[in-house]
Amino acid sequence: LQWSSLHMNNYNIRLKEVIKPFTKRLFYNLFDEKEEDSIFLKNTFLDIIEQLSIANGSKLWDDFQQEFLSIRKKLDLDAEAFLKNDPASTCIKEIYLAYPGFYAISIYRLSHQLHQLKVPIIPRMMSEYVHGITGIDIHPGATIGESFFVDHGTGIVIGETSIIKNNVKIYQGVTLGGLQVKKSMSSTKRHPTIEDNVTIYANATILGGDIVIGAHSTIGANVWITQSVLENSLVTFHTKIKIRPKRNGIH
């Protein structure tokens, strides 16, 4: 089969492999800056930019690099939130080295900055790389405040127009999503707003761009929310579970 005869577009699919070491070393460089990493990162970024036909690569890299200190400060606050909220954590070093939730947040904060600089494609490539590793899907366009904590994390989905404010805790399986999936809604707010000091427990689903979860609220496990919640609320889902002893091995 002569592939060239099909006149197929070249989408530079192999950039998916290039983004992996770039993303990993970008994370490492935030906490342990080395000259060889800085050179590698800049050259790789410019190469990706060129292959994607994106203009002003050098300026984009300089603007991005200027935000590294700010991103690091936010991540240090995130790490403190992990240490404070997870009783299984033993020390701050463990958070940086062993927590997939912290890794996912780190790549989110980096990819979000590129998204803010209006760099196309690369932020999504970074977020999908870490999604594949951690099972945590955070769109780079989401807005997330300080001291963000995700416990376990697997199955968390945070949509593009979600707004999460400060000191929020989210557990595994939580979805912050849209009520409808329509291309015509791409420029509208489709995902919820989570105010300060909210806790959302496992497998809760919160849908809709007009939905606001008020400050200091607790959203219990397995709830399905499509309306706003006042501050200081407790939202729970009740089901009846019967436990009875077996008799001669028969229920």
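This is a predicted model: local features need pLDDT of at least 70, side-chain atom pairs count only at pLDDT 80 or more; totals for chains, interfaces and linings use all residues.
**Figure 1**

**Figure 2. Overall architecture of the protein.** The protein contains seven helices and 14 strands. Along the principal axes, its C-alpha atoms occupy a box of roughly 70 × 50 × 45 Å. Of the 251 residues in the protein, 43% are buried.

**Figure 3. The largest nonpolar core.** This core comprises 64 residues, and I122, I170 and I200 are those with the most contacts inside it. Two or more residues come from each of several helices, namely helix 1 (15-31), helix 2 (35-51), helix 3 (57-65), helix 4 (68-85), helix 6 (100-116) and helix 7 (122-134). Strand 3 (149-151) and strand 6 (169-171) likewise give two or more residues to the core. The element that gives the most is helix 6, with eight residues.

**Figure 4. Salt bridge between R25 and D37.** The count of salt bridges in the model comes to eight, and the pair R25 and D37 is one of the salt bridges, with the closest N and O atoms 2.8 Å apart. R25 lies in helix 1 and D37 in helix 2, twelve residues away, and the pair thus links distant parts of the chain. The two partners can also be described by their accessibility. R25 is partly exposed, at a relative accessible area of 26%, whereas D37 is buried, at 10% relative accessibility. D37 is placed in the buried class because its value falls under the cut-off of 20%.

**Figure 5. Salt bridge between R124 and E128 within helix 7.** R124 and E128 form a salt bridge in which the closest N and O atoms are 3.5 Å apart. Both residues belong to helix 7, where a spacing of four residues corresponds to about one turn of the helix. R124 is partly exposed, with 39% relative accessibility. E128 is also partly exposed, with a relative accessible area of 34%.

**Figure 6. Salt bridge between R190 and E160.** The closest N and O atoms of the salt bridge formed by R190 and E160 are 2.7 Å apart. R190 is buried, with a relative accessible area of 14%, whereas E160 is partly exposed, at 24% relative accessibility.

Figure 7. Most residues other than glycine have a negative phi. S53, which is not a glycine, has a positive phi of about 60 degrees. S53 is situated in the loop between helix 2 and helix 3 and counts as exposed, with 67% relative accessibility. H152, which is likewise not a glycine, has a positive phi of about 65 degrees. H152 is situated in the loop between strand 3 and strand 4 (157-158), and it is exposed, with a relative accessible area of 54%.

**Figure 8. Separation of I13 and I122.** I13 is found in the segment before helix 1. With a relative accessible area of 58%, I13 is exposed. Along the chain, I13 and I122 are 109 residues apart, and their C-alpha atoms are separated by 13 Å. I122 is also among the residues with the most contacts inside the largest nonpolar core.

**Figure 9. Separation of K165 and T236.** K165 is placed in the loop between strand 5 and strand 6. At 32% relative accessibility, K165 counts as partly exposed. The C-alpha atoms of K165 and T236 are 22 Å apart in space, and the two residues are 71 residues apart in sequence.

Technical notes. Residues are numbered from 1 along each chain as its sequence is written. Side-chain values use heavy atoms; hydrogens and water are left out. A nonpolar core is a set of buried Ala, Val, Leu, Ile, Met, Phe, Trp, Tyr and Cys residues joined through side-chain atoms within 4.5 Å. Buried means under 20% relative accessible area, exposed over 50%, partly exposed in between (1.4 Å probe, protein chains only). A salt bridge is a side-chain nitrogen of Lys or Arg within 4 Å of a carboxyl oxygen of Asp or Glu.
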